[in-house]
Every structure is written in structure tokens, then in C-alpha cells.
Amino acid sequence: MLAHASDGELDHACALAEDLLDLVAVVDSATIRTDLERLVRVLARWRTHPGVADLVDRDAAVMRLVAHQAERRIDAARRVGASALADELINALTRLQGVRV
């Protein structure tokens with residue numbers, strides 16, 4: 001994807017990224033999130049391109065969903081008395097994405 005974006009193949013890069021967004025919405029993967037974050041940074045210079053603008057907006061929505069899901073997991077861990085697990089989840093998210101929960 002990054003290679004396609006860097007070569008100016010914006011529509012192809014966006015199409016591939018859309019497939020990844022579908023996947024990350026279902027399977028929370030730090031690797032996929034990181035790849036998407038890198039791609040969105042590269043594509044930012046073409047923000048006015050319709051496909052890129054749509055992708056950036058959808059990426060933001062999916063990342064909000066993923067963050068919400070993580071918050072629910074942390075809350076569930078705390079409810080069942082697994083505070084150490086909740087703290088471990090928070091620390092892992094912070095290290096991986098700089099997410100603040």
C-alpha cells in the first residue's frame with residue numbers, strides 16, 4: 001500500500017486500505033493499525049483527492065471504534081476484579097499507539 005501511495009497510485013492504495021479497515025474493525029491488530037497509520041500519513045499530502053479524503057475519514061471512524069472496543073475490554077476487566085489485567089491493557093495500548101485511556 002505504501003509503495004502504491006508513494007508512486008501516486010492513490011486509488012489502488014485506497015482500495016487496499018479499505019480492505020484493511022474492514023479487517024481491523026473486526027480483528028484488532030496492532031500491526032494493521034500501524035500500517036494504516038503510516039499509510040494515512042503518506043496520503044495526507046493528497047487530502048483533497050476524493051478517495052484519500054474518504055479513506056482518511058473512514059480510518060478515523062474505525063480507529064474511534066477500535067478505541068471504544070478497547071475501553072470496553074478494560075472496563076470489563078475492572079468489573080470482574082481483574083484490575084491488573086486492565087492496567088496491563090492500558091499500558092500495552094499506550095506503548096503501541098500512544099493511546100491515552
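## Surface and burial

Accessible area here comes from the Shrake-Rupley method with a 1.4 Å probe. On that basis, this predicted model exposes about 6200 Å².

What about the inside? Buried residues account for 29% of the 101 residues in the protein.

## Overall layout

You're looking at a protein with 5 helices and 0 strands. Follow the chain along its sequence and the pattern reads α-α-α-α-α.

As for how the chain touches itself, take the contacts between residues at least 6 apart in sequence: 53% of them join residues at least 24 apart.

## Helix 2 against helix 4

Two packed helices are described by the angle between their axes and the distance between the axes. Here, helix 2 covers residues 10-26 and helix 4 covers residues 50-79; their axes come within 10 Å and cross at roughly 15°. Angles under 35 degrees count as roughly parallel, so helix 2 is roughly parallel to helix 4. The crossing of the pair is left-handed.

Which residues of helix 2 meet helix 4? They are L10, C14, A17, E18, L21, D22, V24 and A25. Across from them, helix 4 brings G51, V52, L55, R58, D59, V62, M63, L65, V66 and Q69. Sorted by class, this contact has 12 nonpolar, 2 polar and 4 charged residues.

Key
Residues numbered from 1 in each chain as written. Predicted model: local features only at pLDDT ≥ 70, side-chain atom pairs only at ≥ 80, totals over all residues. Heavy atoms only, no water. Axes fitted to C-alpha atoms, helices over the stretch in contact; angles between N-to-C directions. Helix = DSSP H or I, 4+ residues; strand = E, 2+ residues; numbered from the N terminus. Parallel < 35°, antiparallel > 145°, perpendicular 65-115°, else oblique. Left-handed = near helix turned anticlockwise from the far one by under 90°. Contact = heavy atoms within 4.5 Å. Nonpolar A, V, L, I, M, F, W, Y, C, P; charged D, E, K, R; others polar. Buried < 20%, exposed > 50% of the residue type's maximum accessible area, 1.4 Å probe, protein only.
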